[in-house]
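User: Got a model on screen that I'd like to go through. Can you take my questions?

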Amino acid sequence: MAVDLERTPLPGIGLQHVFTTARGRRVGVVSHRDGRRDLVIYRRDDPDSASEAVVLNPEEANALAELLGAARIVERLAELHRQVEGLVSEQIPIMAGSAYDGRSLGDTRTRTRTGASIVAVVRDREVIASPRPDFVFRAGDVVVAVGTAEGTSAVAAILADG
């Protein structure tokens, strides 16, 4: 059974994702620009009003995401490959001595320069989904980039050579 996920931009705040469970409960996550996440359960009698909200800092949100299956990100990307022609992902290691070992994701400007997106970083068996621009790479990290074959190859070149 597929889950219908509603995605709503919240100007000045961030982004809201909401779905309805098989039992008719609406559950959502509000992703704030500062990295905070609000886990929201909506009222049955008013689907736009929260009956419960739990505020999570970025570390807590990452822990909950891991509990709920963030480790499946590579598997899901493989599924996307089968569904979207021309979309590829590449796993790119950050090697010791790389121009970006110790530098931030924002410093790479990969999205602007290549059109590809860095969607995750695997560090010590932990998946960091949707890393923020201030995320700092370390030698040993494995970067997951998604885009065209040319775009992801360009990301690999940038991370290797600067």
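User: How many helices and strands are in the protein chain?
Analyst: 5 helices and 9 strands. Those are DSSP runs numbered from the N terminus: helices are H or I with at least four residues, strands are E with at least two. This is a predicted model: local features need pLDDT of at least 70, side-chain atom pairs count only at pLDDT 80 or more, and totals for chains, interfaces and linings use all residues. Residues are numbered from 1 along each chain as its sequence is written, and side-chain values use heavy atoms, with hydrogens and water left out.

User: What pattern along the sequence?
Analyst: β-β-β-β-β-α-α-β-α-α-β-β-β-α.

User: How does E1 pair with E2?
Analyst: Antiparallel, over 5 bridges, with E1 at residues 6-10 and E2 at residues 14-20. Pairing takes at least two DSSP bridges between the strands. Glu6 has Val18 in E2 as its bridge partner.

User: And what sits in the turn?
Analyst: 3 residues separate the two strands of this hairpin, and Gly12 in the turn has a positive phi of about 80 degrees.

User: Which way do E2 and E3 run?
Analyst: Antiparallel, joined by 7 bridges, with E3 at residues 26-32. His17 is opposite Val29 in E3. Gly24, in the turn of that hairpin, has a positive phi of about 85 degrees.

User: Switching to Arg44. Buried or exposed?
Analyst: Exposed, because its relative accessibility is 59%. The cut-offs: buried is under 20% relative accessible area, exposed over 50%, partly exposed in between (1.4 Å probe, protein chains only).

User: What does Arg44 touch?
Analyst: Arg23 and Arg25, leaving out residues up to four places away in sequence. Contact means heavy atoms within 4.5 Å.
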